[in-house]
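Subject: Structure for your review

Dear colleague,

Please find below the structure that I am handing over to you. I would be grateful if you could look through it before reading my notes.

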Amino acid sequence: MKTRVVVLGAGFGGLELTTVLAEALGDEVEVTLIDGSDAFVFGFAKLDVMFGRTTPEAVRLHYSEIAKPGVRFLQETITAIDPQARVVATDAGTHEADFLVVALGADYDMDATPGLAESGNEFYSVAGAERLRDVLSEFTEGRAVIGVCGAPFKCPPAPSETALLLHDYLTTRGCRAACEITFLMPLPSPVPPSPDTSKALIAAFAERDIEFRPGSRIRSLDPERRVVVLDGESEVPYDLFLGVPKHRAPDVVVASGMTEEGYIPVGPENLLTRFPNVYAVGDVTTVGVPKAGVFAEGAARVAAKSIIAAIESGAEPEPYDGLGSCYIEFGGGRVGRVDVDFLSGPKPTGTFQAPSAALAAEKVHFGSSRRARWF
Ligand SMILES: Cc1cc2nc3c(=O)[nH]c(=O)nc-3n(C[C@H](O)[C@H](O)[C@H](O)COP(=O)(O)OP(=O)(O)OC[C@H]3O[C@@H](n4cnc5c(N)ncnc54)[C@H](O)[C@@H]3O)c2cc1C
């Protein structure tokens, strides 16, 4: 019987891991990739949808197009995970695994911020971005507040990009002068591991008259009075709230008993959980890196190589290095880049590359190369 690898979640982590396994082992193993959705969407595409630069349909990469030796994709919702027995229940049946990989990402907890569901808008899901696209097209005057409701959150630069792109959007429509933009962030700076990146973003906010308030902890939204209530009781009025909801591991992962302090702890050596032959990669884990696709992808490569080593009785791979590059939209068609190193030194470091049209083209290549590799 072939070795059975079951991969839960076809996001950045699950897609990269499946690809590495297929490249190395082909149909010598049986890889089952399960996701509740029928398509993958890059995180950054949500900003494109929100600002009307593309349509939700255009950014969906359909899983039905995956064609890899040894890999079958199943569109099923995972309802229970038994990491001890390596058995997974879905809405369509059960799956037994010799190697199990949990790559289910992070979910959004709208209820954790009272008032957010009733009077705010989130732009971190495709549905939320699509709703905001319509709300934004009607917004011509007043106070827009971009608010991050808790950390950790996916792609730390994304809310900064949103502030800058909102400025461009309102300017193009001729109504920027009638609008205020405020950006509430719980972190002390836009991109804490890279002071140069933070400095460039803060300068860009100042040039565009965007009020940046670091260290802001959002407690709730008051829909009637249209104010954001911060810890310490101070209030920020808004006409339009664009929110990043608090994140949490999916309920099915929490119920499996694999989490500690909210997420699944794994080591950088091989991304193994405390359960034999059960791996976890990406946003669902804590491994000392931020929640971003590039990091999920890097961790997935190491986990895949560790599985290959176990199957072939080969040498374990080099540990996960925690390196990654994130692109940052500054508006005006220019994109910057921060190259971050989270694990090699005593503290994270990052180097900044100034925004340019060349980096904008590099970002396009980042997306298209993944699409070509995974599908
Ligand atoms: C606005 C925005 C901008 C971003 N920009 C960038 C960027 O520029 N660069 C970057 O690197 N990252 C970016 N990110 C972050 C990036 O999208 C995530 O960090 C990345 O997708 C995490 O990969 P993952 O594999 O851990 O999880 P995900 O990609 O979230 O995949 C998890 C998968 O699990 C599935 N799933 C969950 N629960 C179940 C269940 N019960 N049953 C079945 N399937 C389930 C989901 O459908 C999903 O497909 C951005 C995110 C956002 C929101």
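The notes below go from the whole protein to a few of its residues.

Please bear in mind that this is a predicted model, and that the values given here were computed from it.

Overall form

The protein contains nine helices and 25 strands. How does the radius of gyration of the protein agree with that of a compact globule? A compact globule with 375 residues would have a value near 21 Å, and the protein has 21 Å, so the two agree.

Interior and surface

Of the 375 residues, 55% are buried. Among contacts with a separation of 6 or more, 66% are between residues 24 or more positions apart. The accessible surface of the protein comes to about 15,600 Å², and carbon and sulfur atoms account for 50% of that area. As for charge, the protein has 34 positive and 51 negative charges.

Cysteines

How many disulfides does the count give? The count comes to zero. A disulfide requires two cysteine sulfur atoms within 2.5 Å, and two cysteines show how this cut-off applies. For Cys149, the closest cysteine sulfur is in Cys155, at 17 Å, which is too far for a bond. For Cys179, the closest cysteine sulfur belongs to Cys175, at 4.7 Å, and this is also too far for a bond. Cys149 is buried, with a relative accessible area of 3%. Cys179 is buried as well, with a relative accessible area of 6%.

Arg4

I would also draw your attention to one residue close to the start of the numbering. Arg4 is found in strand β1, which covers residues 3-8. Is Arg4 buried or exposed? Its relative accessibility is 18%, and the limit for a buried residue is under 20%, so Arg4 counts as buried. Which residues does Arg4 contact, leaving aside its neighbours within four places in sequence? They are Glu30, Glu96, Ala97, Asp98 and Phe99. One of these, Asp98, is 94 residues away from Arg4 along the chain, yet the C-alpha atoms of Arg4 and Asp98 are separated by 5.2 Å.

Yours sincerely,
A colleague

Methods
Residues are numbered from 1 along each chain as its sequence is written. This is a predicted model: local features need pLDDT of at least 70, side-chain atom pairs count only at pLDDT 80 or more; totals for chains, interfaces and linings use all residues. Side-chain values use heavy atoms; hydrogens and water are left out. Helices (H or I, at least four residues) and strands (E, at least two) are DSSP runs, numbered from the N terminus. The radius of gyration is taken over C-alpha atoms; the globule rule is 2.2 Å times the number of residues to the power 0.38. Buried means under 20% relative accessible area, exposed over 50%, partly exposed in between (1.4 Å probe, protein chains only). Contact means heavy atoms within 4.5 Å. Accessible areas come from the Shrake-Rupley method with a 1.4 Å probe; for residues, only the protein chains shown count as cover. Lys and Arg count as positive and Asp and Glu as negative; His and the chain ends are not counted. The place of a charge is taken as NZ of Lys, CZ of Arg, CG of Asp or CD of Glu.
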